[in-house]
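Hello,

Here is the structure I said I would pass on. My notes on what was found in it come after the display.

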Amino acid sequence: VMAEGAAAGQRLAELLAVGRRLLDEVENGAEPSTGAPAVQEKVRQGLDALQRATAMVAQLDLFSENEELEEIASADLKYLLLPALLGAMILKQVDLSRRLEHLESARAHFWRFLKLCRSYGLGKFQLPPATTSTSGEEDAGSPSPRGPAAAQPSLVTMALSRQAKIERHNQKKELENRLASLRPSVESGQADEDQIREFYSLEIQKWIMSSLEEVESIDQEMVILRSRGTAKLPPAAAHGPSRPGRTPLKPFILTRNAAQAKVFGAGYPSVPTMTVDDWYEQRARQGAAAAQSAPPRAPGINDEELQKQQQEKKEEEDDEEALQKARDWDDWKDTHPRGYGNRQNMG
């Protein structure tokens, strides 16, 4: 049994090492694009290794929210990082059609990591809401990332947030310097237990800061993606069936009588002419045809019908305005013959 346990521990350590190495190569590799096939293959392999390691940790029951931090063996502290590493690797996937799904999955892993760290008393931080749609089970009073307050933060909130980010950045730099000084002895196997424990505790602190930043970034991106999804919905789905669009009028020359129509039509055959009487008759025929094709209305007028009537009245007013403009243009042409002002066309 002990041999089996040792083998399982070795296998778990190998899976974690593979997952961490692949994540580092994806983040700091020579490939210019994360979407390159070679990089995405590393992402796939890294996800596989980290998921298998997570399943082994659950099977071995390494961690419990009821135990103290001192009860965890120094060599096992690094396995606390698995949910955060998984979240980071999930975000490296580039399938845009599943982006929202990946964001939700990564956020759940980061949140699980933060909750586990808080249960062990690792770091002083406010646990974010469990999901973006609820305020969380334990932190009902914590601010939700959605809503008008989040969309338009006050200047004081923005200043505090900026100050917090600067402090986190400085703390991360300090942590990275301390980790760099301890890493050689830990990786070479020459570090004692206190050094090993300090090294992995520092790594956990660093990933706590990264996870809080990632959750904040994910929440902002999810708001954008959800608003885009709402914007893509067809307007008919939200507002019901729309009225059929009006048939656009073809350009023509409006004249006072048939004689003017013959004169103006002779020189410009490509532009049809029409007298005012002809124009009224055509509009009357179009109105009659529209009335015949329209469905019968109910005797009672509801809000929707009232809105339609107001819209039709506005369109009629627009038609009157167009007619008045046409009449003004016709009057102008009476005093300004065609070719007026064109000094090149002397004939």
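This is a predicted model: local features need pLDDT of at least 70, side-chain atom pairs count only at pLDDT 80 or more; totals for chains, interfaces and linings use all residues.

Overall make-up

The protein has eleven helices and two strands. In sequence order the elements run α-α-α-α-α-α-α-α-β-α-β-α-α. Of the 347 residues in the protein, 29% are buried. The accessible surface of the protein is about 23,200 Å², and carbon and sulfur atoms account for 53% of that surface. Among contacts with a separation of 6 or more, 63% are between residues 24 or more positions apart.

Helix pairs

H2 with H3. Helix H2 covers residues 37–60, and helix H3 covers residues 82–90. The two pack at an angle of about 155°, and their axes are 10 Å apart. Angles over 145 degrees count as roughly antiparallel, so H2 is roughly antiparallel to H3. Their crossing is left-handed. On the H2 side the contact is made by Lys-42, Val-43, Gly-46, Leu-47, Leu-50, Gln-51, Ala-53, Thr-54 and Val-57, and on the H3 side by Leu-82, Leu-85, Leu-86, Met-89 and Ile-90. By class, these are ten nonpolar, three polar and one charged residues.

H3 with H4. Helix H4 spans residues 99–119, and it packs with H3 at an angle of about 160°, with the axes 7 Å apart. H3 and H4 are therefore roughly antiparallel. H3 passes H4 in a left-handed crossing. From H3, the contact uses Pro-83, Ala-84, Leu-86, Gly-87, Ala-88 and Ile-90; from H4, it uses His-102, Ser-105, Ala-106, His-109, Phe-110 and Phe-113. This contact has eight nonpolar, four polar and no charged residues. Leu-86 and Ile-90 of H3 take part here and are also listed in the contact of H2 with H3.

H4 with H7. Helix H7 runs over residues 193–231. H4 and H7 pack at an angle of about 150°, with their axes 9 Å apart. That makes H4 roughly antiparallel to H7. The crossing of H4 and H7 is left-handed. The residues of this contact divide into 15 nonpolar, one polar and seven charged.

Single residues

Glu-203. Leaving aside residues up to four places away in sequence, Glu-203 touches Arg-20, Leu-81, Leu-179 and Arg-183.

Asp-61. This residue lies in the loop between H2 and H3. Most residues other than glycine have a negative phi. Asp-61 is not a glycine, yet its phi is positive, at about 55°. With a relative accessible area of 58%, Asp-61 is exposed.

Ala-130. This one is in the loop between H4 and helix H5, the latter being residues 148–151. Ala-130 counts as partly exposed, at 22% relative accessibility. Which residue 19 positions away along the chain has its C-alpha atom 6.6 Å from that of Ala-130? That residue is Trp-111.

A note on methods will follow separately.

Regards

Notes: Residues are numbered from 1 along each chain as its sequence is written. Side-chain values use heavy atoms; hydrogens and water are left out. Axes are lines fitted to C-alpha atoms, for helices over the stretch in contact, and angles run from 0 to 180 degrees between N-to-C directions. Helices (H or I, at least four residues) and strands (E, at least two) are DSSP runs, numbered from the N terminus. Angles under 35 degrees count as roughly parallel, over 145 as roughly antiparallel, 65 to 115 as roughly perpendicular and the rest as oblique. A crossing is left-handed if the near helix is turned anticlockwise from the far one by less than a right angle, and right-handed if clockwise. Contact means heavy atoms within 4.5 Å. Ala, Val, Leu, Ile, Met, Phe, Trp, Tyr, Cys and Pro count as nonpolar, Asp, Glu, Lys and Arg as charged, and the others, Gly among them, as polar. Buried means under 20% relative accessible area, exposed over 50%, partly exposed in between (1.4 Å probe, protein chains only). Accessible areas come from the Shrake-Rupley method with a 1.4 Å probe; for residues, only the protein chains shown count as cover.
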